[in-house]
Amino acid sequence: MPVNTISHISLTGYAAIALLGPLAGKISQAYGTRIATMVGMACYGLGSLSVAANSLPILFLGRACAGVGQSFLSNAPESWFIAEIKQKDRDPHVNFLGETFGIAYSFDSIIAIAAGQLAQWAAASQGPTGPFTYSPWFLLLGSMCVLLSWSESPTNSASREVSSSASQTSIQDTLRIIISDPKIICLGIVQSLFEAAMYIFVITWAPLMLETIQASLGDSVAPPYGKIFSCFMAACLLGSTLFTIIIKVVRLERVMTILLATAALALASALLS
């Protein structure tokens, strides 16, 4: 499949996230975070299964469906957790949210490293679509955990009674807050530019590496994408660990400046190849 087609399929998923992200938040508010999480897992599972179809329209539709699922999974589980923490009688001097999210981000990288190894094995034994056939099973396991252990919190249940007019003005209120503070606008611009650079890298690194390796070693050689992905995730784990240490002795603004400069140099190094 041409690189441009692969890029367009990926962009379809990101477009679905951008267009339906606010809608996913409203659905979570209206029907509860547990249902929203289940819907997200189902959409992502359908997106994974779509790669088995030998049809370009179905691949585009499946990627859009996965984007919708990612929109739900990006906010519904965290919203449920925050509501649970607020509902229970917790020690106000203990930062449960910060500690839990910190542990979660670290384990995300560890799980991603293992997922890369599993994907490499699945691709080697079952072909390029092999890793996608395992994804729905993990989503099904996650769905069972949600059904058996989650209870819709009173906070989320009460949110269903919020009037439609209040729901429609929530985005307007958010935009008003953003516009009123130049620092928030600046932070949003920096975050958007950084994410844009990262997404460009995510879309292009695999086909470009394939082109480079095959030009040097021949068309019969395929890059070990799963192992390379695991290396990326190991670097993420190292970075998050170093960040928790450095932030204790260096100001956050200075750390961010160093990080952005380092990322710019790393991406610019591709021009040397």
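Analyst: In this predicted model, helix α8, which covers residues 182–217, and helix α9, which covers residues 225–246, have axes that come within 12 Å of each other and cross at roughly 135°. That angle makes α8 oblique to α9, since an angle has to be over 145 degrees to count as roughly antiparallel. The crossing in which α8 passes α9 is right-handed. On the α8 side the contact is formed by Phe201, Trp205, Ala206, Met209 and Leu210, while α9 contributes Tyr225, Ile228 and Phe232. Sorted by class, the residues where α8 meets α9 are eight nonpolar, with no polar and no charged residues among them.

Helix α8 also packs against helix α10, which spans residues 252–268, and here too the axes come within 12 Å, although the crossing angle is roughly 30°. Because angles under 35 degrees count as roughly parallel, α8 and α10 are described as roughly parallel to each other. The crossing of this pair is left-handed. Val190, Phe194, Ala197, Met198 and Phe201 are the residues of α8 that meet α10, and their partners there are Leu260, Ala263 and Leu267. The contact of α8 with α10 consists of eight nonpolar residues, again without any polar or charged ones.

Ile184 is partly exposed, its relative accessible area being 35%. When residues up to four places away in sequence are set aside, Ile184 touches Ile177 and Ile178.

From α9 the view can be carried across to another helix by way of Ser230, which lies in α9. With a relative accessibility of 4%, Ser230 counts as buried, because buried means under 20% relative accessible area. Leaving out residues up to four places away in sequence, Ser230 touches Ala112, Ile113, Gly116 and Gln117. Its C-alpha atom is separated by 7.1 Å from that of Ala114, although Ser230 and Ala114 are 116 residues apart along the chain. Ala114 itself lies in helix α4, which runs over residues 96–126. In contrast to the buried Ser230, Ala114 is partly exposed, with a relative accessible area of 48%.

Helix α2, covering residues 33–49, packs with helix α5, covering residues 130–149, at an angle of about 170°, and their axes are 8 Å apart. That angle makes α2 roughly antiparallel to α5. In this contact α2 supplies Arg34, Thr37, Met38, Met41, Tyr44, Gly45, Ser48 and Leu49, and they meet Phe132, Ser135, Pro136, Leu139, Gly142, Ser143, Val146 and Leu147 of α5. By class, nine residues of this contact are nonpolar, six are polar and one is charged, whereas the contact of α8 with α9 has no polar and no charged residues.

Seen as a whole, the protein chain has ten helices and zero strands, and its pattern along the sequence reads α-α-α-α-α-α-α-α-α-α. Of its 273 residues, 23% count as buried. The chain exposes about 17900 Å², of which carbon and sulfur atoms supply 70%. Among contacts between residues at least 6 apart in sequence, 72% join residues at least 24 apart, and the C-alpha separation between Ser230 and Ala114 described above also involves two residues set well along the chain from one another, at 116 residues apart.

Definitions and conventions
Residues numbered from 1 in each chain as written. Predicted model: local features only at pLDDT ≥ 70, side-chain atom pairs only at ≥ 80, totals over all residues. Heavy atoms only, no water. Axes fitted to C-alpha atoms, helices over the stretch in contact; angles between N-to-C directions. Helix = DSSP H or I, 4+ residues; strand = E, 2+ residues; numbered from the N terminus. Parallel < 35°, antiparallel > 145°, perpendicular 65-115°, else oblique. Left-handed = near helix turned anticlockwise from the far one by under 90°. Contact = heavy atoms within 4.5 Å. Nonpolar A, V, L, I, M, F, W, Y, C, P; charged D, E, K, R; others polar. Buried < 20%, exposed > 50% of the residue type's maximum accessible area, 1.4 Å probe, protein only. Areas by Shrake-Rupley, 256 points an atom, 1.4 Å probe, with all protein chains shown as cover.
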